[in-house]
Amino acid sequence: MGRRRDGALPGATAERRLSSIGGGRGPAEPAATGRPAPAEPLDTVRELRPDTGGGPGPAGTPDQARLWHVVLSVAGEATGLSELRAGLERLAHDHSFFLTARYAADHAEIRYWEQARDLHDAAAIALRLWGEHKATANLPPWEIVGLEVVDRPTYHKRVAEGFGEPPQRPGGVQPY
């Protein structure tokens with residue numbers, strides 16, 4: 001089940017609303033049930049609370065997918081380096097925005113771009129990445145021990161200020 005924004009409907013306003021739709025049993029005679037009659041008909045929609053938020057992101061940002069830079073750190077029991085490297089290379093092949101991966105026998109760090117509507121979606125996708133590709137890429141049963149998700153302007157600002165290094169070889173899988 002997906003969410004739908006009122007602004008996406010023709011002729012509707014851009015603000016979101018929570019609504020309650022009467023349902024359940026049909027109208028009954030008040031005397032028959034011993035309860036008072038409802039204040040409004042059961043088939044009407046009433047507004048509970050308008051959304052006064054500023055929208056999906058910074059002012060002027062459209063409600064569409066944006067790019068997020070993700071750094072996912074995983075760790076666990078030591079495993080063979082050749083099997084780990086082969087698994088990370090398969091993951092790089094499967095994931096279209098993959099940048100780099102660094103690895104050691106007991107931990108690895110994966111850097112890639114994720115396309116998502118907002119930070120919550122990007123983080124949720126990142127947290128599922130390792131588990132979903134564990135079987136198909138033959139990755140070790142490690143757990144996620146770190147996650148960083150930043151938007152594209154923040155990533156580029158960090159690189160420009162010297163706090164982050166751009167990847168040397170896109171798609172590269174290399175040891176620490």
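The model is predicted. The chain averages a pLDDT of 73, and 60% of the residues score at least 70. An open sheet of five strands is present, with mixed pairing.

**The sheet**
- The strand order is β6-β3-β5-β4-β7.
- β6 (143-151) and β7 (172-175) stand at the edges. Each has a single partner strand, so one side of each is left without a neighbour in the sheet.
- On average, neighbouring strands are turned by 15° against each other, direction ignored.

**The β3-β6 pair**
- Strand β3 spans residues 66-75 and runs antiparallel to β6.
- Eight bridges join the two strands.
- Trp68 has Asp151 in β6 as its bridge partner.

**Helices across the sheet**
- Helix α2 (residues 81-94) lies across β4 (98-103), β5 (107-116) and β7. Helix α2 runs at about 170° to β4.
- Helix α4 (residues 152-160) lies across β3, β5 and β6. Helix α4 runs at about 90° to β6.

- Confidence is highest in β6, at a mean of 96.
- Confidence is lowest in strand β1 (residues 17-21), at a mean of 37.
- Over residues 1-33, pLDDT stays under 50. The model has 41 contacts beyond four places in sequence for this stretch.
- Over residues 38-57, pLDDT also stays under 50. Here the model has 30 contacts beyond four places in sequence.
- Where pLDDT is low, the predicted coordinates should not be read in detail.

Methods:
Residues numbered from 1 in each chain as written. Predicted model: local features only at pLDDT ≥ 70, side-chain atom pairs only at ≥ 80, totals over all residues. Heavy atoms only, no water. Pairing = 2+ DSSP bridges. Helix = DSSP H or I, 4+ residues; strand = E, 2+ residues; numbered from the N terminus. Axes fitted to C-alpha atoms, helices over the stretch in contact; angles between N-to-C directions. Contact = heavy atoms within 4.5 Å. pLDDT = per-residue confidence, 0-100.
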